[in-house]
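Here is a short report on one protein model. Keep the sequence and the 3D view open as you read.

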Amino acid sequence: MSIRDFIQALPKAELHLHIEGTLEPELMFALAQRNKVNLPYSSIDALRAAYDFGNLQDFLDLYYQGMSVLQTEQDYYDLTWSYLEKSRAQNLLHTEIFFDPQGHTERGIEFSTVFNGIHQALTDGQRKLNISSELIMCFLRHLDEADAFSTLQQALPYKDHIIGVGLDSSELGHPPGKFKNVFARAREAGFLPVAHAGEEGPADYVASALDDLHIVRIDHGNRCLDDAELTARIAAAQIPLTVCPLSNLKLCVVKNMQQHPLRQMLDKGLLVTLNSDDPAYFGGYINENYLAVQVALNLSREELAGLARNSFKASFLPDQLKQAMIAKVDAVEIHQT
Ligand code: ADE
Ligand code: ZN
């Protein structure tokens, strides 16, 4: 079995995926036409050519512009369904999906429109594709805490179908502590807290996400490695990191894939998972992320299987299901015959 086939055969979960970041240029153009939105690109190729980012903000500018074509429940359904079909074909069994309500409500789209379209597709995904899922609502950190409070309020009627709250968008200048109160309220309401931290921001932001927001999973977390004591603390507590290799490369968080800190993270005993973040913008879904680090860092099949096991271990699945999924990973033949 080739390494590619081995990665394909591994049952996997994805824990860091922005549904708006799965909007492929083809669907963006189709929805622009359907909703009579003008895109400032003459063709799909011209749009793809613009995906050349120097940092996180370069990407976010195009990401928010891109999501302007999403307007109706059907649009959110189509977006989500398309991600689920692609992911199922890559043997993804479970996914925990971020969405950015403020990226839509700011443009006058109702929270219910966004939620209903995504949720209906996830329900169909469970039934027709046998892919289980959870939803995590993110607050945009470049906006203020009052805006996040209002978003939390709008989410309350859908609480039974939203497992957690997250924090994303421009990191530098927006430390986690800015959202201390709204995270406290969200935790009281029963949402599980996660946050992007240490993608571009310093190790201090990772510590603040743990201490001020009490997060149970760290999205990215790369820069925690700058602080040995913090790294040891995260490893000892086995707080998972949702690492996104192709995203890190495209957003210049790493210079090249050979310099990706994944192996260092594993050596330090961190509970690391691999994820695609915004696959339509970064050039690959889950399997392409596994393959990119395997090639660059020469990961063994045992190490790849370990990462797949971690993806279930770090998920919000109930323990019994986690064990059942991990048993499926164990059943994949590692040794070449
Ligand atoms: N929103 C979508 N993708 C993101 C990322 N990688 N970092 C911060 N905000 C995001
Ligand atoms: Zn992200």
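## Helices side by side

The axes are lines fitted to C-alpha atoms, for helices over the stretch in contact, and the angles run from 0 to 180 degrees between N-to-C directions. Helices (H or I, at least four residues) and strands (E, at least two) are DSSP runs, numbered from the N terminus. This is a predicted model: local features need pLDDT of at least 70 and side-chain atom pairs pLDDT 80 or more, while totals for chains, interfaces and linings use all residues. Residues are numbered from 1 along each chain as its sequence is written, chains are lettered from A and ligands numbered from 1 in the order in which they are written, and side-chain values use heavy atoms, leaving out hydrogens and water.

Take helix 16 (residues 301–313) and helix 17 (residues 319–330). Their axes come within 9 Å and cross at roughly 170°. Helix 16 and helix 17 are therefore roughly antiparallel to each other. Contact means heavy atoms within 4.5 Å. Helix 16 brings Ala305, Ala308, Arg309, Phe312 and Lys313 to the contact, and helix 17 brings Lys322, Met325, Ile326, Val329 and Asp330. These residues divide into six nonpolar, no polar and four charged. Here Ala, Val, Leu, Ile, Met, Phe, Trp, Tyr, Cys and Pro count as nonpolar, Asp, Glu, Lys and Arg as charged, and the others, Gly among them, as polar.

Now look at helix 2 (residues 25–35) and helix 5 (residues 73–89). Their axes come within 12 Å and cross at roughly 170°. That makes helix 2 roughly antiparallel to helix 5. On helix 2, the contact uses Leu27, Leu31, Arg34 and Asn35; on helix 5, it uses Gln74, Asp75, Asp78 and Leu79.

Val69 lies in the loop between helix 4 and helix 5. Is Val69 buried or exposed? At 0% relative accessibility, Val69 counts as buried. Buried means under 20% relative accessible area, exposed over 50%, and partly exposed in between (1.4 Å probe, protein chains only). Not counting residues up to four places away in sequence, Val69 touches Leu23, Met28, Leu31, Ala32, Asn35, Val37, Leu39 and Asp75. Val69 and Leu27 are 42 residues apart along the chain, yet their C-alpha atoms are separated by 9.3 Å.

## Aromatic rings

The structure holds 14 aromatic pairs. Rings of Phe, Tyr and Trp (its six-membered ring) pair if their centres lie within 6.5 Å; planes under 30 degrees apart count as stacked, over 60 as edge-to-face and the rest as tilted. Phe53 and Phe282 form an edge-to-face pair, 6.4 Å centre to centre with 85° between the planes. Phe53 lies in the loop between helix 3 (44–49) and helix 4 (56–66) and Phe282 in helix 14 (residues 279–282), so the pair ties together parts that are 229 residues apart in sequence. Phe53 and Phe282 are buried.

Phe59 and Tyr281 have ring centres 5.3 Å apart and planes at 75°, so this pair is edge-to-face. Phe59 lies in helix 4 and Tyr281 in helix 14, so the pair links parts 222 residues apart in sequence. Phe59 is buried at 3% relative accessibility, and Tyr281 is buried at 2%. Which residues do ring pairs link into a cluster? They are Tyr51, Phe53, Phe59, Tyr63, Tyr64, Tyr281 and Phe282.

## Charges over rings

A charge sits over a ring if NZ of Lys or CZ of Arg is within 6 Å of the ring centre and within 35 degrees of the ring normal. Lys128 lies over the face of Trp81, at 5.8 Å from the ring centre. The charged end of Arg217 sits over the ring of Phe316, 4.1 Å from its centre.

## Positive phi and a buried strand

Most residues other than glycine have a negative phi. Lys36 has a positive phi near 55°. Lys36 is found in the loop between helix 2 and helix 3, and is exposed at 74% relative accessibility. His220 has a positive phi of about 75°. His220 is found in strand 6 (residues 217–220), and is buried at 0%.

Thr242 lies in strand 7 (residues 241–243). Thr242 is buried, with a relative accessible area of 0%. Leaving aside neighbours within four places in sequence, the contacts of Thr242 include His220, Arg217 and Asn275.

Notes:
Angles under 35 degrees count as roughly parallel, over 145 as roughly antiparallel, 65 to 115 as roughly perpendicular and the rest as oblique.
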